[in-house]
Amino acid sequence: MRRIVVGVTGASGSVYALTALRALRAAGGVEVHLVMSRQAVQTALLETGLQPADFESLADVVYRDDNLAASISSGSYLTDGMLVVPCSMRSASAIAYSLGGNLLVRAADVCLKEGRKLILVVRETPLHLGHLRTLTRLAEIGAVILPPIPAMYASPKSVEDIIAHTVGKALDQLGIPNELFSRWK
């Protein structure tokens, strides 16, 4: 059984998180640990009309973002990595500088310090120099920066196709087999 942490921040793009959670559930053999920031709950409601329970029902273990004593806040608790989807620049900055004031950031910091995969689906545009320096720092300390950029070679027919492509690429980074998008032939 693989153990994956999913962090959801308040950046726009809640549907990426929902799609990722559904894909992880469908993959089988994955124990999903979910932590949503307070802002994520607000954004998800605004963008999708869904309540936290709708996201939580797709996870095996759910944590409050203010619970810094949770298992995922310790490197001795083994996980196979973490996906932060979507990832706000605020959360990216906090992760880059190890400002573990909430569980989401602390769990991401644990992945970095333990050499585990950390995939950040950073949702911001345009990017100013401060954003770019933060993303560079994250890449230098081991994070995978995976912005939701559509691949037109896949000939997407819908927004769902574009979302599935990004989620599929993120799952690839975690070594989780999926067929969420058309691969280059």
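Me: Which residues does Leu 34 touch, not counting residues up to four places away in sequence?
Reply: The model is predicted. Contact here means heavy atoms within 4.5 Å. Not counting residues up to four places away in sequence, Leu 34 touches Val 6, Val 8, Leu 21, Phe 55, Glu 56, Ala 59, Val 61, Val 62 and Tyr 63.

Me: Which residues of the largest nonpolar core touch the most other members?
Reply: In soluble globular proteins, nonpolar side chains tend to be buried together. The largest nonpolar core of this model has 31 residues. Those that touch the most other members are Val 6, Leu 24, Leu 34, Phe 55, Leu 83 and Val 85.

Me: Which element gives the most to this core?
Reply: At least two residues of the core come from each of strand E1 (2-8), H1, strand E2 (30-36), helix H2 (38-48), E4, E5 and H7. With seven residues, the element that gives the most is H1.

Me: How many residues are in the other core, which lies apart from the largest one?
Reply: Tyr 63, Leu 104, Leu 118 and Leu 120 are among the members of this other core. Tyr 63 is also touched by Leu 34. The number of residues in the other core is 26.

Me: What word describes the packing of H1 and H7?
Reply: The axes of H1 and H7 are 9 Å apart, and the helices pack at an angle of about 55°. An angle under 35 degrees would count as roughly parallel, and 65 to 115 as roughly perpendicular.

Me: What is the handedness of the crossing of H1 and H7?
Reply: On the H1 side, the contact is made by Val 15, Tyr 16, Thr 19, Ala 20, Ala 23 and Leu 24. On the H7 side, Ile 163, Thr 166, Val 167 and Leu 171 take part. By class, the contact has eight nonpolar, two polar and no charged residues. The crossing of H1 and H7 is right-handed.

Me: What is the handedness of the crossing of H4 and H6?
Reply: Helix H4 (residues 89-96) and helix H6 (residues 129-140) pack at about 45°, with axes 9 Å apart. That angle makes H4 oblique to H6. Their crossing is left-handed.

Me: How many charged residues are in the contact of H4 with H6?
Reply: H4 contributes Met 89, Ala 92, Ser 93, Ile 95 and Ala 96, while H6 contributes His 131, Thr 134, Leu 135, Arg 137 and Leu 138. Six of the residues are nonpolar and three are polar. The number of charged residues is one.

Me: Is Ser 14 buried or exposed?
Reply: Ser 14 is in helix H1 (residues 14-27). Beyond four places in sequence, it touches Thr 43, Ala 44, Glu 47, Thr 48, Phe 55 and Pro 86. The cut-off for buried is under 20% relative accessible area. At 1%, Ser 14 is therefore buried.

Me: What is the omega of the peptide bond from Val 85 to Pro 86?
Reply: Pro 86, which Ser 14 touches, is in strand E4 (residues 82-87). The bond from Val 85 to Pro 86 is cis, with omega near -15°.

Me: Where is Ser 98, which has a positive phi?
Reply: Phi of Ser 98 is about 55°, although this residue is not a glycine. At 43% relative accessibility, Ser 98 counts as partly exposed. Ser 98 is in the loop between H4 and helix H5 (103-113).

Me: What is the relative accessibility of Ser 155?
Reply: Ser 155 is in the loop between strand E6 (144-145) and helix H7 (159-173). Its phi is positive, near 50°, and it is a residue other than glycine. Ser 155 counts as partly exposed, with a relative accessibility of 40%.

Me: What distance separates the C-alpha atoms of Met 82 and Gly 28?
Reply: Met 82 is in strand E4 and is buried, at 0% relative accessibility. Its contacts beyond four places in sequence include Val 5, Leu 104, Cys 111, Leu 118 and Leu 174. Met 82 and Gly 28 are 54 residues apart along the chain, and their C-alpha atoms are separated by 17 Å.

Methods: Residues numbered from 1 in each chain as written. Predicted model: local features only at pLDDT ≥ 70, side-chain atom pairs only at ≥ 80, totals over all residues. Heavy atoms only, no water. Axes fitted to C-alpha atoms, helices over the stretch in contact; angles between N-to-C directions. Helix = DSSP H or I, 4+ residues; strand = E, 2+ residues; numbered from the N terminus. Parallel < 35°, antiparallel > 145°, perpendicular 65-115°, else oblique. Left-handed = near helix turned anticlockwise from the far one by under 90°. Nonpolar A, V, L, I, M, F, W, Y, C, P; charged D, E, K, R; others polar. Buried < 20%, exposed > 50% of the residue type's maximum accessible area, 1.4 Å probe, protein only. Core = buried A, V, L, I, M, F, W, Y, C linked by side-chain atoms within 4.5 Å.
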